[in-house]
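Hi,

Here is the structure I promised to pass on. Please open it alongside this note. My findings follow below.

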Amino acid sequence: MTTVRYDLTRFSELGLAEPLLRAIGAEGYTTPTPIQAGAIPPLLTGRDVVGVAQTGTGKTAAFVLPMLQALSALPRRAAPGEPRALIVAPTRELAAQIGACVQSYGRFLHLSSTVIFGGVSAQPQLAALRRGPDIVIATPGRLLDHMGTGAVRLSGVIWAVLDEADQMLDLGFLPAIRRIMAKVPKARRTALFSATMPPPIRTLAQEFLHDPQEVSVTPAARPADLVTQSAIRVPAADKRAALVDILRGKTMTSAIVFTRTKHGADRVARHLAQEGLAAGAIHGNKSQSQRERTLRDFKNGAIAILVATDIAARGLDIEGVSHVINFELPNVPESYVHRIGRTARAGASGTAVSLCDDAERPLLRDIEKLIKRTLIDWPDEPNRRAPQPNERQKTAAPAGKSKSGSRRRRGSRPISRAA
Ligand code: AMP
């Protein structure tokens, strides 16, 4: 793998065709993000790319734009059930979001796409596949089902993307990905995106990509610099009260609260409702329509608080989230980085607060090791490095200044944190 730095600042310099530049303009994007500046040129010129980037960095456009350009240049369109491009993503929410990006970036091209995921009826998906979409965006399980029945064949695919590869591995999708990729012709362009680059992902990249160029915008497993992080030592029994205090704080406009379990998410959402704070929960036990409704309410500001488990929140692209609160610390330290990446998106700033009881101390230690920062100074651990003044108890950016003008959708209902 070679790593190259790009310093291109304008979309027109990246080599994108006019209909794509027009779509980008219509989206209101003026400048490519670093992952876009780094990944689009090699992908356009035929290199495979490994992109190390979190959600919120603009990574979706980084692979969708060159993919659309390549497909629009093809003389042959897709036959029924035989897409020309395949994007595999770990969750249905992420697949749906990528699908929406494909639609909007491709609005001036005559290409069609469809999104395939589990948990919903297969019939409309079968009908969509029969219409011969050029691009299929899918979660691994349901895609395999459709491959099994012959509803989709991958023999015409020339462009493949594995998005959030680290998450796919965490969710145990590696065998499924192998079975899927075995059916995609070798002569193809492949892009793999991942927030972190542990050794298993490198192995995966070597397995499926040909001499890829690595484009890395955030050092692996490092949270966005614009997130102000703090942690509060609080007994488990007092966590709910602490959470309510934070949510009633002045700088909070909207928050995602993370719990470790589905039942925990429900319990916290119920408690918040009793306290008069409008909250909705999303997790794997909710039906697709319940999840979609809750997400819609959260995105349009009808509810200011979303309570979620790690998997349910994976890849969610929601702007204007001022706070991420870890009601419970995650078991896997990388999840902490993923969680707090839900705030401070695309250049905005955000606040992450973790509520940590004594039993969670080992989990906190793992997180601190990963992010190379001290979040809580435990008095009975004298050998630990004292936290730096600018690492803790930082004042959150005032709500009004926390987002760059055009990206802010939510009213800045003043609520503030109490860390
Ligand atoms: P992603 O990392 O792909 O989930 O993108 C995060 C957010 O950034 C999305 O809401 C995109 O619409 C937005 N975005 C992507 N590229 C740009 C850009 N060049 N300028 C401004 N916003 C962008």
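Which helix gives the largest share of the lining of the second largest pocket? That is α13, with three residues. Keep in mind that this is a predicted model.

Now the pocket itself. The second largest pocket has a volume of about 290 Å³. Its lining counts 15 residues, and Gln167, Asp310, Ile311, Val332 and Ser335 are the closest to the centre. Two helices, α7 (165-170) and α13 (310-313), each supply at least two residues of this lining. By class, the lining splits into five nonpolar, five polar and five charged residues. Both domain 1 (11-216) and domain 2 (227-395) take part, with at least three lining residues from each.

Next, a helix pair. Helix α8 covers residues 174-181, and helix α9 covers residues 199-208. They pack at an angle of about 10°, and their axes are 12 Å apart. Angles under 35 degrees count as roughly parallel, so α8 and α9 are roughly parallel to each other.

Which residues make the contact between α8 and α9? From α8 come Leu174, Ile177, Arg178 and Met181. In α9 they meet Leu204, Glu207 and Phe208. This contact has five nonpolar residues, two charged residues and no polar ones.

Best wishes

Note on methods: Residues are numbered from 1 along each chain as its sequence is written. This is a predicted model: local features need pLDDT of at least 70, side-chain atom pairs count only at pLDDT 80 or more; totals for chains, interfaces and linings use all residues. Side-chain values use heavy atoms; hydrogens and water are left out. Axes are lines fitted to C-alpha atoms, for helices over the stretch in contact, and angles run from 0 to 180 degrees between N-to-C directions. Helices (H or I, at least four residues) and strands (E, at least two) are DSSP runs, numbered from the N terminus. Angles under 35 degrees count as roughly parallel, over 145 as roughly antiparallel, 65 to 115 as roughly perpendicular and the rest as oblique. Contact means heavy atoms within 4.5 Å. Ala, Val, Leu, Ile, Met, Phe, Trp, Tyr, Cys and Pro count as nonpolar, Asp, Glu, Lys and Arg as charged, and the others, Gly among them, as polar. On a 1 Å grid over the protein atoms alone, a cavity is a set of points where a 1.4 Å probe fits but cannot get out, and a pocket is an open set with protein on both sides within 12 Å along at least five of seven lines; lining residues have an atom within 4 Å of a point. Grid points are joined across faces, edges and corners, and a volume is the space filled by probe spheres set on the points. Domain bounds come from an automatic or database domain assignment.
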